[in-house]
Amino acid sequence: MKTKLLIFLFALPLFVFSQNKVEKLHQTQALNCKTCHSCDIPTKENPCIKPCPRERLITIEQTPSDAPSILTIDKMKKTSDIYAPVVFSHRLHAEMADMGGGCRMCHHYNPPGEVVGCADCHELTRKRTDLSKPDLKGAYHQQCMNCHRQWSGKVECESCHAQNGSAKKTESKPKTDLAAKQVHQKVNPPELVKYDTPKANGKIVSFNHTDHVSTFSIDCEKCHSNESCNKCHAKYKPASLANRSVADKHVICANCHNTKANCSDCHKNSVVGSFNHKTRTGFDIAKNHAKLTCNRCHVEKGKFAGLKADCSICHGTWTKENFKHLITGLQLDETHADFECTDCHQDKNYANPTCKNCHEDKTYPKDKPGKLVKKSK
Amino acid sequence: MAKQSRRDFLKTSAIIGSAAAGLSSSTKAAPKNVLSEDRMGVLVDTTVCIGCRKCEWACKTAHNLATDPIETYEDRTVFKEQRRPNDKALTVVNEYPNTTSDKFPINVKVQCMHCDKPACVSACIVGAFSKNENGSVIWDGDKCIGCRYCMVACPFQIPAFEFEEALKPDIKKCDFCIERTSKDKLPACVEMCPVEAITYGRREDLLKVAKDRIKNYPHRYVNRIFGEHEVGGTSWLYLSSRQFEEIAFPKLGNDPAPGVSEAIQHGIFAYFVPPVALYALLGGVMWLNKNKKNHETDTEN
Ligand code: SF4
Ligand code: SF4
């Protein structure tokens, strides 16, 4: 017991001390210590940092414009080197990464604060005692080759390095200028993508990108995450889609659509224009609901059916007391203002009023139960 | 010429196996065979290797073997056929298709595994092979009598014979860069590898690293470290995304592979002849033969 107390007393100042030191960086982040540290009380002397299991670590996002534009990777430079240091177009690569998983595609350990550079964790020397992570040269190459192998399928040293002392040796100055200027050209999102599918009935799927982005306000990352450059740059793109399994082809759409049933929702025999609530569901939202986002009415995530153009689902039951008819642009005359809504509006969507309850010879909109005014809100 | 006479020699020595002969204590196999706890090893992660073949170049350069310039190693057409290490290339890299992603073929570097219980050591009747404290299995040209039992015994078919070298053919195989490591340098291939697909370190530590990788990335690796137990354990250890048999690793048990001399030894026991006598006989005859050969060489020169 006594020893335990002693240990506690001894450990307490350490604990408090370490807490104070880390306050600025750690306290605002609401982190679980065990995410990064393996022991109960990490100290400066023994921080017991876990080797980075990349997926499980916290990460923050930077933007490519915060990043340095070019870096010469010469930390490992030795006079005996066969190959010269790489002039690395960092900004260009950051922009490319931004279309996929962001900075963490390379900076896999990316906690809040200053960006952790490769050399901050990966040792310069290959002959070392901590073998849990590759040395700096290995780390760089592993990271680069992961994409470059997909990209070109080649592993040639000279696609990135100049060879020292050879005729091919290129001056690093022009290369530096070139690298500084390189940016990935702006990607123009498509409006409509037409897919020709092998489906016998319903060959054509019209994917309206603009609808998904603007009308349905779907975040880019929902569909575009961890993409490789090949997505756009592959030589044999159509073939690559054709080779994929049915489930694989639908994987992104299946995020929101039930692709196992309802094939004909998307698979049509002709190209379909952009989404129109009226033609698609019979309920015209252009007049009164145009400014609303989908989820104002379709509150249940991913579920759109079931509202059946029934105003009462969102608005509750309207009565002559609680509904100001003026809002519709038609001011009821005194007689009609006394009626119950249902006397004229027999549809749940209040769209086509009928006069037949009282007037045999009158029809709306030819005849009006009041006068038209400017719409008010 | 030399080839022929050696083969004849092998035949005769096997036939006259039970005859008595004078002892020569210096020829008795005396392997150093210490299995140090700190013995070194190399972990080859075939999921990291990109098949750049720079290790082949580094190996040849470090061992003064003839090599084409480094750029020529970019040529991937060599992968069309499977290659084996030989007397001109102590390590080679092979390629196998990756069924899940054709952009990432599987490359496997092949060389001597530096077994913990090396069959070559137990096969060699004059003790020309030895397992050293740092884990390396080394061939000693001064002792070798050219019987090539090591080539037959090795479960990985590693030791190569310089058939084209008529005068003083050597057994050639990866020597774990013993010269470099004794000067505190890394093996040449390990130093060269751009992606550090090959990691040099204490075998014990490497096993831990390998196990951690399997634990952290269970989808990346099959749950097996080739060389942890195979033929009694090897200094070179391999990680893979495929079953090892699919990428041309031999199917081996966990017992050490028997050396050829042991097999002969057992045969001799059946005839109640003590094995020492056999060693002595085989060793003695070969020793004489080698001296004679050297003598011939001398006179030819
Ligand atoms: S792989 Fe063959 S040559 Fe190398 S140590 Fe093992 S038995 Fe000997
Ligand atoms: S140098 Fe490394 S990456 Fe290249 S082939 Fe050899 S082991 Fe593989």
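A cavity is here a set of points, on a 1 Å grid over the protein atoms alone, where a 1.4 Å probe fits but cannot get out, and lining residues have an atom within 4 Å of a point. Grid points are joined across faces, edges and corners, and a volume is the space filled by probe spheres set on the points. The model is predicted, and totals for chains, interfaces and linings use all residues, whereas local features need pLDDT of at least 70 and side-chain atom pairs count only at pLDDT 80 or more. Residues are numbered from 1 along each chain as its sequence is written, chains are lettered from A in the order in which they are written, and side-chain values use heavy atoms, without hydrogens and water.

The second largest cavity has a volume of about 120 Å³. Its lining comprises 16 residues, of which Cys49(B), Cys55(B), Cys193(B), Ala197(B) and Ile198(B) are the closest to the centre.

Contact between the chains (heavy atoms within 4.5 Å) involves 31 residues from chain B and 29 residues from chain A. The two chains bury about 2500 Å² between them, 56% of it on carbon and sulfur atoms; this area is the accessible area (1.4 Å probe) lost on being put together, summed over both parts. On the chain B side, Lys103(B), Phe104(B) and Glu196(B) lose the most area to chain A, together 23% of what that side buries.

Between chain B and chain A, 3 salt bridges are counted, each a side-chain nitrogen of Lys or Arg within 4 Å of a carboxyl oxygen of Asp or Glu. Arg126(A) and Glu196(B) form a salt bridge through their side chains, at 3.4 Å from N to O.

Conventions: On a 1 Å grid over the protein atoms alone, a cavity is a set of points where a 1.4 Å probe fits but cannot get out, and a pocket is an open set with protein on both sides within 12 Å along at least five of seven lines; lining residues have an atom within 4 Å of a point.
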